[in-house]
Amino acid sequence: MQWLASGLARLRHVVPQSESSKRTSSRSQQTRRWTLLELSKSTGDDAAVQLPLNQESATTFDGIVGSMRSMALDALFTLQVDMRCGVAHMAARMLDAPYLLPYPTNNPNPEVLTLNSDLLSSDDALHTYLSEDEHSFMTNGLAALLDQLLVTNASRIRSMDANGCGRMQLNILVLQQNLKAIEGDVSLSRSSHFFELFVEGADLIVARAKEAGGKVEFSLDECKVLVELCHSEGLQSTQRESSVQAKKNLADHHRQLEDSQRLM
């Protein structure tokens, strides 16, 4: 659309009023047609093609070209939002997957593979039809968005154990490598660190928050979600004693996190 608008704008040629009047009188008995053949005869084969306009028609012409440019920008913004909505949707599906696994796995979630495939095919299409600046506008920030979504929406994970955390870390690594091919030197460091803390356990997470006086990388709510994930396996236990103890430990850790925030 931008290409078409730019091409039309190059045709614009405002004819002075006196010259326009002469042309009108000389062509009053002729059929009014604008063709490449007529132009080639009158201006030469190597001359630039121009569309002669008077001041009134030029104003209308400029309005049409401006509307086309505006539509092109609207389409670009719509595509950008659609691409990010797709990333958010697949991230949610990835977080909704089970992460309480009986054994380790070397395969990422199917949702991760689908998202990577969608992003690569979209990137190929963007390279084909958009300029470099427009491509950057579409793709810049995808990694930062996904990195943030995996942390802020971690509460969607119902339960997680060490094997499930290993799979999540693999998911993040695979996504990061794919995004580097699209966006350049990017990193999903925040979400990677978030799930690294899961491996260290709830006690250490709370201890770090106390040592830092609540000034940790993650917000209080995010830390609470992380601690809850650490206890989720016990909370899901079918043994009543284990479940009750997990609830008690979770409440205690949440209280300690809140106390560390008050120290700020």
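From the N terminus on, the elements run α-β-α-α-β-α-α-α-α-α-α-α-α-α, which gives twelve helices and two strands; both are DSSP runs numbered from the N terminus, helices being H or I of at least four residues and strands E of at least two. The model is predicted, with pLDDT of at least 70 required for local features and 80 or more for side-chain atom pairs, while totals for chains, interfaces and linings use all residues. Residues are numbered from 1 along each chain as its sequence is written, and side-chain values use heavy atoms, leaving out hydrogens and water.

Among contacts (heavy atoms within 4.5 Å) between residues at least 6 apart in sequence, 77% join residues at least 24 apart.

Helix H5 (residues 110-129) packs against helix H8 (residues 162-183) at an angle of about 5 degrees, with axes 10 Å apart. H5 is therefore roughly parallel to H8, a term for angles under 35 degrees. The axes are lines fitted to C-alpha atoms over the stretch in contact, and angles run from 0 to 180 degrees between N-to-C directions. Residues of H5 in this contact include Leu115, Leu119 and Asp123; those of H8 include Arg167, Leu175 and Ile182.

In helix H10 (residues 202-211), the buried residues are Ala202, Ile205, Val206 and Ala209. Down the axis of H10 they fall within an arc of 95 degrees, so they line one face of the helix; the arc is taken from the directions from helix axis to C-beta atoms. Their cover includes helices H9 (189-200), H11 (220-235) and H12 (240-262). Exposed Asp203 and Glu211 sit on the face of H10 turned away from its buried side.

Conventions. Parallel < 35°, antiparallel > 145°, perpendicular 65-115°, else oblique. Buried < 20%, exposed > 50% of the residue type's maximum accessible area, 1.4 Å probe, protein only.
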